[in-house]
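The sequence and the model come first.

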Amino acid sequence: MTPDLLAAAGEALYGSEWRRPLAAALGVDARLMQRWAAGQRNIPETVAPALLGLLGREASGLEGRAQAMRRAAAAIAEAE
């Protein structure tokens, strides 16, 4: 895991202010997250699988919302 991959995952999950919420989600101190992001500390091997889990859950939720939006749009289109 590189700091760039950590940042990409963090931004995908939480936007530009990702460090604190990602630290909370992973159960680590925000200062440690800052050090990982800056490349000052090695990112443990356990972080990648945890990030994959977070990303997968978020993607599933978004897919469900997208399907609901498509169904609503189709119902509106049919009603017109």
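Contact here means heavy atoms within 4.5 Å. The model is predicted, with local features needing pLDDT of at least 70 and side-chain atom pairs counting only at pLDDT 80 or more, while totals for chains, interfaces and linings use all residues. Residues are numbered from 1 along each chain as its sequence is written, and side-chain values use heavy atoms, leaving out hydrogens and water.

## Nonpolar core

A nonpolar core is a set of buried Ala, Val, Leu, Ile, Met, Phe, Trp, Tyr and Cys residues joined through side-chain atoms within 4.5 Å. Buried means under 20% relative accessible area, exposed over 50%, and partly exposed in between, with a 1.4 Å probe and protein chains only.

The largest such core has 16 residues, and Leu6, Leu22, Leu26, Met33, Trp36, Val47 and Leu51 touch the most other members. Two or more residues each come from helices H1 (3–14), H2 (19–26), H3 (30–38) and H4 (47–79); helices are DSSP runs of H or I, at least four residues, numbered from the N terminus.

Leaving aside residues up to four places away in sequence, Trp36 touches Pro3, Leu6, Leu26, Val28, Arg41, Asn42, Ile43, Pro44 and Val47.

## H1 against H4

The axes of H1 and H4 come within 10 Å and cross at roughly 25°; they are lines fitted to C-alpha atoms over the stretch in contact, with angles from 0 to 180 degrees between N-to-C directions. H1 is therefore roughly parallel to H4, a term for angles under 35 degrees. Leu6, Ala9, Ala12 and Leu13 of H1 meet Val47, Leu51, Leu54, Leu55 and Glu58 of H4.

## Pro21

Pro21 lies in helix H2 and is partly exposed, at 30% relative accessible area. Gly10 is eleven residues from Pro21 in sequence and 8.5 Å away in space, C-alpha to C-alpha.

Definitions and conventions
Parallel < 35°, antiparallel > 145°, perpendicular 65-115°, else oblique.
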